[in-house]
Amino acid sequence: MRLSEKASPPSWGELPHRHPGPGEVVVRMHAAALNFADLLMQTGAYQDTPPLPFIPGIEGAGEVVEAGPDCDLRPGTRVAVLGQGTMAQANIFPAAWCHPIPDSMSYAQAAGFLVAYGTSHLALTRRALLTPGETLAVLGAAGGVGLTAVEIGAALGARVIAVARGADKLAVLRKAGAHHVLDSDDIPDLRAALREAGGVDVVYDPVGADPGRQAFGALRPGGRFLLIGFAAGTPPDLPLNHALVKNIAIHGFYWGAYRQLNPAMMRSSIEELMRLFQDGRINPHVGTTLPLADLPAAYELLRDRRAIGKIVITI
């Protein structure tokens, strides 16, 4: 699949065959995951949108089938891939973008693992410095990254308040480890509801707009606010005078930048996540699975926010 025009649905295309160069591998893709960034790339609004035409997908999973010179990964290695162009039957990626996965992890689980779990783990452990016993509020908690924040927060020993819309989503969040759930359809004042639930030490906000602003108001002195994304369309209008008076830290967080900003920190976080998976402390939730031919429908599911957890494309 490839995108040839802005705001157009993806169409079939074929790439000329080439062999991997030094430090590169060919990965036979078995699954790929959709992210909110893919929606933004479709219209050219994402900060790292490649030039048209391009193959969509920034993460996936598959098997190494060919390795170039100076490459530690060997053919037959099962990997999760973090890199542009995963919505393809096969593609060439730098070996550094490919992370071996446990035998017990399915390709569908691995396809949506790196971005969502990597974002939540690095944000919560390295930026917010979440500690056991603290209270974490997760907005948009049934989405791809929100659900992982609930699960990781619980695994880290935090008390997790999950905010989402609808009984089905709240049931999934309880199963993921949320100690308290709030239905955003039934809450006229999110700030008051979070305060009534005991207040918050860390807010994880992939939504933005008014929900982010309200959740900010429930932070205790010394709290931390994680700006993860703006699924609602606009950033939250945060009162910086309150941040000053209450010693609140506001952390902008873009996980993909850590590949250049601090690659060692990113890799160590991924290794910790793989251990959490092997220990059974996290269990990736595959929300919707569709074949590659249905990728345009998958975009609509993501755009309408109808999916719970990750949308995974099988290839």
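**Starting from leucine 173**

Let's begin inside the fold: beyond its neighbours within four places in sequence, leucine 173 is in contact (heavy atoms within 4.5 Å) with Ala141, Ala142, Leu147, Val150, Ala162, Ala164, Ala178 and Val181. This is a predicted model, in which local features need pLDDT of at least 70 and side-chain atom pairs count only at pLDDT 80 or more, while totals for chains, interfaces and linings use all residues. Residues are numbered from 1 along each chain as its sequence is written, and side-chain values use heavy atoms, leaving out hydrogens and water.

Together with Leu136, Val150, Tyr204 and Trp255, Leu173 has the most contacts inside the largest nonpolar core, which has 58 residues. Such a core is a set of buried Ala, Val, Leu, Ile, Met, Phe, Trp, Tyr and Cys residues joined through side-chain atoms within 4.5 Å, where buried means under 20% relative accessible area with a 1.4 Å probe, counting protein chains only. Helix 3 (residues 114–127) gives this core its largest share, seven residues. A second, separate core has 21 residues, among them Val163, Ala193, Val200 and Ile248.

Now step back to the whole chain. Buried residues account for 53% of its 315 residues. Of the contacts between residues at least 6 apart in sequence, 67% join residues at least 24 apart. The C-alpha atoms fill a box of roughly 60 × 40 × 35 Å along the principal axes.

Notes. Buried means under 20% relative accessible area, exposed over 50%, partly exposed in between (1.4 Å probe, protein chains only). Helices (H or I, at least four residues) and strands (E, at least two) are DSSP runs, numbered from the N terminus.
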